Amino acid sequence: MNIFRFLGDLAHLIAIVILLLKIWKTRSCAGISGRSQILFAIVFTARYLDLFTNYISLYNTCMKVVYIVCSYTTVFLIYGKFKASYDGNHDTFRIEFLIAPCALLAFLVNHDFTPLEILWTFSIYLESVAILPQLFLVSKTGEAESITSHYLFALGSYRLLYLLNWMWRFFSQGFYDLIALLSGVLQTVLYCDFFYLYVSKVLKGKKLSLPA
């Protein structure tokens, strides 16, 4: 494991902790897209169905469990425990328009036409666009709380670091995964505007807003 992947995993864990603490401490999921969290739950479920059949390392197994448990915990908090604070009127992105194309593409473009490989590929494609409902919610409401902005920045940093991980592996090992690389590029591009606004506004104490 290289430093970029480790830091990427760390940034991802920080993003998850920020989100869960935000919801639990404020007893509210206002400003959080439940639809994005459903997509992330689908992503980690599809990706880690090999949890009990493909052991790589203790670290790898623990990370899989953490991602799955945390994603479903977040969904439960949004649609269950703190449902009254959920902004369903603004969180209206049609996620089926993301799920269906990603599923079709996974069947057509994959490394190996086997169930687990297709599901892994589907998870990679879907993760690259899973943040869109959250960005759509921020654009509809006009602004995001600072803590939500920190969550999005950490999540975007995770994808950027993973992209650097793939570049490092290519130059140091001659290995690359074109599906993961291109999906990572797409996901990082989706965060570019947010990164600029985060640095120029949130770090200066201002509220973040995305253009409608």
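**Cavities**

I started with the largest cavity, which has a volume of about 120 Å³. For the record, this is a predicted model, where local features need pLDDT of at least 70 and side-chain atom pairs count only at pLDDT 80 or more, while totals for chains, interfaces and linings use all residues. Residues are numbered from 1 along each chain as its sequence is written, and side-chain values use heavy atoms, with hydrogens and water left out.

My terms: on a 1 Å grid over the protein atoms alone, a cavity is a set of points where a 1.4 Å probe fits but cannot get out, and a pocket is an open set with protein on both sides within 12 Å along at least five of seven lines; lining residues have an atom within 4 Å of a point. Grid points are joined across faces, edges and corners, and a volume is the space filled by probe spheres set on the points.

I looked up what lines the largest cavity and found, among others, His12, Gln37, Phe44, Tyr67, Thr74 and Leu155. H1, H2, H3 and H7 each give two or more residues to this lining (helices are DSSP runs of H or I, at least four residues, and strands of E, at least two, numbered from the N terminus). H3 gives the most, with four residues. By class I noted eight nonpolar, four polar and no charged residues (Ala, Val, Leu, Ile, Met, Phe, Trp, Tyr, Cys and Pro count as nonpolar, Asp, Glu, Lys and Arg as charged, and the others, Gly among them, as polar).

How many cavities of 30 Å³ or more does a search of the whole structure find? I got two. The second largest cavity has a volume of about 30 Å³, and its lining includes Arg47, Glu127, Arg159 and Gln187. H8 gives the most to that lining, with four residues. I counted its classes as two nonpolar, four polar and three charged.

Next I turned to the largest pocket, with a volume of about 840 Å³. Of its 31 lining residues, I find Arg5, Arg47, Tyr48, Asn60 and Trp120 closest to the centre. The largest share of the lining, six residues, comes from H7. I have 16 nonpolar, five polar and ten charged residues in this lining.

**H7 against H8**

I then checked how H7 packs with helix H8 (residues 178-200): the angle is about 140° and the axes are 9 Å apart (axes are lines fitted to C-alpha atoms, for helices over the stretch in contact, and angles run from 0 to 180 degrees between N-to-C directions). In this contact I counted 13 nonpolar, seven polar and one charged residues.

**Aromatic pairs**

Why is the pair of Tyr48 and Tyr67 stacked? I have the ring centres 6.4 Å apart and the planes at 20°, so the pair is stacked. Tyr48 is in the loop between H2 and H3 and Tyr67 in helix H3, 19 residues apart.

Definitions and conventions. Rings of Phe, Tyr and Trp (its six-membered ring) pair if their centres lie within 6.5 Å; planes under 30 degrees apart count as stacked, over 60 as edge-to-face and the rest as tilted.
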